[in-house]
Amino acid sequence: MTILPTIFVALTLTQASLMLFAQSFGGPPRRPAAASTFAAAPLAKDDAERKILDVLDEMDRSQRRGTMSVPRDDGRLLRLLAEGAGVQHVVELGTSHGYSGIWFCLALRTTGGKLTTFEIDPGRAAAARENFQRAGVSHLVTLIEGDAHQEVTKLKGPIDLVFLDADKEGYADYLKKLLPLVRPGGLIVAHNITAGMADPAFIKAITTDSALDSVFVSVGSSGLSLSLKKR
Ligand SMILES: C[S@@+](CC[C@H](N)C(=O)[O-])C[C@H]1O[C@@H](n2cnc3c(N)ncnc32)[C@H](O)[C@@H]1O
């Protein structure tokens, strides 16, 4: 799995945000324009991609309130990580309305992989099913309704990428249960890893295990951790 280029892109984005922040306070001299200066909407390569991006655009416009979906650039990063690494099985904790799940599906339709996603709230699970249907990606998705802390114990490996975006205080428990199923070379990506939101138990777990290498990145106002399960 070739994850280094994708992690490099993420880190570059972080450096770019820090440079811009520093410049606004009269910090270091201006470097050549950073990638984020040229941020632009994703461009569809074909009709199939257009159909999915249209659904994501519509969700951005009308389904933001109450869904707690990741921001669009985080979704793009998830797609980039999954497609760049050629993942076969993504496990997502916290489906909500399916926004991040659809970004993963943009990758999975090209890698031939599948998404297993967990949601405890029946209303959100129903909305996600409808959105997966509208985007034409239902065949790539298994949505499991219920408490993921129990439901993940029924999963079988190997998992290529775990995306943690459910109850923040549950991340350490999800990691404990899922890490044995993640294949060597696989990734654990966690959302809302900011000073105010990250659970110290999870941070400790991903930074003190020598079988993992973890980096922390920011995309816009979001914070994520990316952990590699070493081979
Ligand atoms: C931040 S939202 C997920 C957003 C989604 N990943 C996206 O970006 O489109 C968190 C979701 O996790 C769900 N959740 C919270 N605790 C859960 C649990 N124990 N099991 C399954 N889902 C849970 C919530 O109902 C909520 O819909």
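The shell around the ligand draws at least two residues from each of H4 (99-111), strand E2 (114-119) and helix H6 (148-151). Helices (H or I, at least four residues) and strands (E, at least two) are DSSP runs, numbered from the N terminus. The model is predicted: local features need pLDDT of at least 70, side-chain atom pairs count only at pLDDT 80 or more, and totals for chains, interfaces and linings use all residues. Residue numbers start from 1 along each chain as its sequence is written.

Of the 19 residues around the ligand, Gly94, Ser96, Tyr99, Ser100 and Ala148 come nearest. A residue is near a molecule if its C-beta atom, placed from the backbone, lies within 6 Å of it. Seven residues of the shell are nonpolar, six polar and six charged. Here Ala, Val, Leu, Ile, Met, Phe, Trp, Tyr, Cys and Pro count as nonpolar, Asp, Glu, Lys and Arg as charged, and the others, Gly among them, as polar. Domain 1 (96-146) and domain 2 (148-231) each give at least three residues to the shell. Their bounds come from an automatic or database domain assignment.

Helix H2 covers residues 47-62. Ile52, Val55, Leu56 and Met59 of H2 are buried (20 or more other C-beta atoms within 10 Å of a residue's own, with C-beta atoms placed from the backbone). These buried residues fall within an arc of 95° seen down the axis of H2, so they line one face of the helix. The arc is that of the directions from the helix axis to the C-beta atoms. On the other side of H2, Asp47, Arg50, Arg61 and Ser62 are exposed; exposed means 12 or fewer such atoms, and partly exposed lies in between. H4 and helix H5 (122-135) are among the elements that cover the buried residues of H2.

In H5, Ala125, Ala128, Asn131, Phe132 and Ala135 are buried. Seen down the axis of H5, they fall within an arc of 125°, so they line one face of the helix. Pro122 and Gly123 are exposed on the other side of H5. The cover over the buried residues of H5 includes H2, H4, E2 and strand E3 (141-145). Gly136 follows H5 and has a positive phi, near 75°.

Asp160 is found in strand E4 (residues 159-164). Asp160 is buried, with 23 other C-beta atoms within 10 Å.

Methods: Expected span 1.5 Å × (residues − 1). Contact = placed C-beta atoms within 7 Å.
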